[in-house]
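Please look over the sequence and the structure below before reading on. The report then takes up a loop residue, the ligand and a helix in turn.

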Amino acid sequence: MLNKLTDNDPTASSRKKDHIELAFQSQIEEGKLDSRFYYEPLLSGHPKAEEIKPFRFLGKTLRTPIWVSSMTGGTEWAKTINQNLALACNEFGIGMGLGSCRSLLYSDEMLSDFDVRAIIGEGLPLYANLGIAQLEQLIKQNELFLIDNLLNKLKADGLIIHVNPLQEWLQPEGDRFEIAPIETIKTIVEYASFPIIVKEVGQGMGYESLKALFQLPLEAIDFAANGGTNFAKLELLRSDKQKQEIYSKLALVGHSAEDMIEMTTKIIQELGDGIKCKQVIISGGIRNFLDGYYAINKLPLPCVYGQASGFLKHARGSYDELRDYVDAQVQGLILAGAFLKVR
Ligand SMILES: Cc1cc2nc3c(=O)[nH]c(=O)nc-3n(C[C@H](O)[C@H](O)[C@H](O)COP(=O)(O)O)c2cc1C
């Protein structure tokens with residue numbers, strides 16, 4: 001006689017055996033529950049692949065609420081990394097910030113490392129990136145037109161300005177800012193006919209800095225919060241022992257993405273109509289789709305979540321590895337959308 005159960009479910013017996021063997025390895029430790037969400041198993045069927053609706057962000061249409069945070073250029077790996085990242089952006093409908101394009105201001109020698117517009121496509125946001133120290137220099141030397149040249153040669157939609165005083169201070173070959181970055185940013189905003197995003201590099205920023213930025217007509221603010229890659233720590237690793245001992249605790253100051261979401265929520269209430277920047281990239285220490293899903297649902301402004309090191313880990317080799325990683329993030333986001341509500 002046919003056994004109906006095993007005919008319909010040929011792996012049932014080995015699965016049941018797995019369950020018994022693995023049950024003891026599958027105990028969750030006390031206090032480890034993720035309490036950021038209500039888990040609602042009753043209210044949805046399993047989601048379909050096309051569940052995330054395209055949406056407008058930075059003036060273009062994205063298909064996934066993720067951002068590739070600014071990374072590299074000018075090293076032997078840079079071209080492969082940037083091309084892989086741009087390919088993933090194109091396939092999944094993601095926006096991308098390039099790493100510092102300082103080397104392209106006066107020369108085109110490294111252009112091919114950064115030149116990914118043809119790969120990412122016209123329809124998605126691609127931003128160039130310069131540090132506040134370079135912008136201070138360009139203002140002083142009356143050379144702001146070089147930013148327009150940079151954006152033209154990269155066919156970039158706009159400029160990301162990174163503000164990184166701790167990194168510059170700790171970097172053996174670092175620059176010093178002569179004036180407050182907010183003044184430099186205001187000068188660039190007045191000059192620019194292109195959209196501007198301002199970010200830190202992994203330390204985040206506090207209430208007053210955030211509030212000052214939200215009052216400027218920026219295209220977006222990118223948190224680049226503390227909790228993931230930290231450039232104070234990274235530069236110290238490149239320094240001598242004495243400097244490491246003196247400054248190591250600096251890596252621990254700053255603000256997490258969650259902290260910055262809370263501050264931003266207060267700033268929105270405080271500024272009311274005075275808020276001029278209405279889009280945010282939540283980044284810095286976002287380790288996976290759950291962190292990202294939580295963050296973008298918590299912040300009451302149009303936003304996406306960004307990752308740098310998360311992508312970097314998978315972008316140095318074949319595109320397939322990166323593709324699998326991004327696909328898993330997207331699938332995770334879709335699943336979260338069906339069954340998780342942020343508390
Ligand atoms: C290898 C590497 C290079 C980076 N280079 C830049 C850069 O040129 N400009 C910039 O604004 N941020 C740069 N960053 C900082 C990231 O954009 C991001 O703010 C930071 O890594 C925190 O994100 P994470 O925790 O997801 O890594 C770099 C990060 C990494 C890992």
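In what follows, two residues are in contact, or touch, when heavy atoms of theirs lie within 4.5 Å. The model shown here is predicted.

**A residue in a loop.** Asn226 has its place in the loop between strand 9 (220-222) and helix 11 (231-237). When residues up to four places away in sequence are not counted, Asn226 touches a set of residues that includes Gly202, Gln203, Gly204, Ala251, Leu252 and His255. Asn226 counts as buried because its relative accessible area is 15%, and buried means under 20%. A polar atom of the side chain of Asn226 lies 2.9 Å from the backbone oxygen of Ala251.

**The ligand.** There are 19 residues around the ligand, of which Ser70, Ser100, Thr229, Gly285 and Ser309 come nearest.

| Residue | Atom of the residue | Distance |
|---|---|---|
| Thr229 | polar side-chain atom | 2.6 Å |
| Ala308 | polar backbone atom | 2.9 Å |
| His162 | N or O atom in the side chain | 3.4 Å |

On its own the ligand has 600 Å² of accessible area, and the protein covers 88% of this.

Helix 3 (residues 78-92) has 15 residues and reaches 21 Å from its first C-alpha to its last, which is close to the 21 Å expected at 1.5 Å a residue. Among its buried residues are Ala78, Ile81, Leu85, Ala88 and Phe92. The buried residues of helix 3 pack against several elements, including strand 4 (66-68), strand 5 (95-97) and helix 16 (319-339). Helix 3 is followed by Gly93, whose phi is positive, near 70°.

Methods. Residues numbered from 1 in each chain as written. Predicted model: local features only at pLDDT ≥ 70, side-chain atom pairs only at ≥ 80, totals over all residues. Heavy atoms only, no water. Helix = DSSP H or I, 4+ residues; strand = E, 2+ residues; numbered from the N terminus. Expected span 1.5 Å × (residues − 1). Buried < 20%, exposed > 50% of the residue type's maximum accessible area, 1.4 Å probe, protein only. Near = heavy atom within 4 Å. Polar contact = N/O pair within 3.5 Å; in protein donor to acceptor, adjacent residues only side chain to side chain. Areas by Shrake-Rupley, 256 points an atom, 1.4 Å probe, with all protein chains shown as cover.
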